[in-house]
Amino acid sequence: MLTLPNILTLSRIFAVPLLVGLLWWPQWAAGYAIAFVLYCIVGFTDYLDGYLARSQGTVSKLGIFLDPIADKIMVAAVILMLASTRDIGGVHLIAGLVILLREIMVSGLREFLGSLRVSVPVSRLAKWKTTLQLVALGALILAGAVPDYGFVRVVGLASLWGAAVLTLVTGWDYLRVGLRHMDS
């Protein structure tokens, strides 16, 4: 159960409070810089844990369970912190909200379908959505570290909206699959 991939996944979950703490003070550029480095490390371990589990043949039920939860915890925490510090503000809050609501809906849908023994594989488009989402949040964290480079924030917000659009598309795809298994 405590394989290296699972330890990496758990480390992502345990890194979230530190990430939140570093983002707590929006005027602290050094905190944002450290948060950006930590965020990149966490993002790399997301790739690494899956790669190691598959290549070493150590894919476990615990890892399958924890990996998407670790992703959702980190994404939700970062969106909430960036919203609270006004790094995501105004109309851009809609994009963050779309992402958060989709994550909740898909989690509930997966739980429902799991009780029916129906598996919903992650689509290629959903992987692109996740990548764009991680780029967006990383850029928005980096923008707090380098406030004189406004284009970093623009890239972050544009990516956030791109991720929100893909979130709607992939959320609808998951919902369509789920609706086929619901009673009338």
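So, let's start with helix H3, because I think of lining residues by where they come from: H3 supplies 10 residues to the lining of the largest pocket, the largest share of any element. Keep in mind that this is a predicted model.

The pocket itself holds about 1700 Å³ of space. There are 44 residues lining that pocket, and the ones closest to its centre are Ile64, Asp67, Pro68, Asp71 and Val122. Besides H3 (61–84), the elements that put two or more residues into the lining are H1 (4–23), H2 (29–56), H4 (92–115) and H5 (124–145). And what sort of residues are in that lining? They split into 18 nonpolar, 12 polar and 14 charged.

Quick word on confidence. The chain has a mean pLDDT of 92, with 99% of its residues at 70 or more. H1 comes out highest, at a mean of 95, and H4 lowest, at 90.

Okay, over to H1, and please find Arg12, which sits in that helix. Buried or exposed, would you say, for Arg12? Arg12 has a relative accessible area of 2%, and the cut-off for buried is under 20%, so Arg12 counts as buried. What does its side chain pair with? The side chains of Arg12 and Asp71 make a polar contact of 2.5 Å, and Asp71 is one of those residues closest to the pocket centre. Setting aside residues up to four places away in sequence, Arg12 touches Val42, Thr45, Asp46, Asp49, Asp67, Ala70 and Asp71.

Staying in H1, have a look at Thr9. Thr9 is buried as well, with a relative accessible area of 3%. Leaving out residues up to four places away in sequence, Thr9 touches Asp49, Leu66, Asp67 and Ala70. Asp49, Asp67 and Ala70 also turn up in the list for Arg12, and Asp67 is another of the residues closest to the pocket centre.

Last stop is Met182, in the segment after helix H6 (150–179). Met182 has a relative accessible area of 36%, which lies between the 20% and 50% cut-offs, so Met182 is partly exposed. Which residues does Met182 meet, neighbours within four places aside? Those contacts are Leu109 and Phe112. Met182 and Phe112 are 70 residues apart along the chain, with their C-alpha atoms separated by 9.4 Å.

Note on methods. Residues are numbered from 1 along each chain as its sequence is written. This is a predicted model: local features need pLDDT of at least 70, side-chain atom pairs count only at pLDDT 80 or more; totals for chains, interfaces and linings use all residues. Side-chain values use heavy atoms; hydrogens and water are left out. On a 1 Å grid over the protein atoms alone, a cavity is a set of points where a 1.4 Å probe fits but cannot get out, and a pocket is an open set with protein on both sides within 12 Å along at least five of seven lines; lining residues have an atom within 4 Å of a point. Grid points are joined across faces, edges and corners, and a volume is the space filled by probe spheres set on the points. Helices (H or I, at least four residues) and strands (E, at least two) are DSSP runs, numbered from the N terminus. Ala, Val, Leu, Ile, Met, Phe, Trp, Tyr, Cys and Pro count as nonpolar, Asp, Glu, Lys and Arg as charged, and the others, Gly among them, as polar. pLDDT is the predictor's confidence in each residue, from 0 to 100. Buried means under 20% relative accessible area, exposed over 50%, partly exposed in between (1.4 Å probe, protein chains only). A polar contact is a pair of N or O atoms within 3.5 Å; within protein, one must be able to donate a hydrogen and the other to accept it, and residues adjacent in sequence count only if both atoms are side-chain atoms. Contact means heavy atoms within 4.5 Å.
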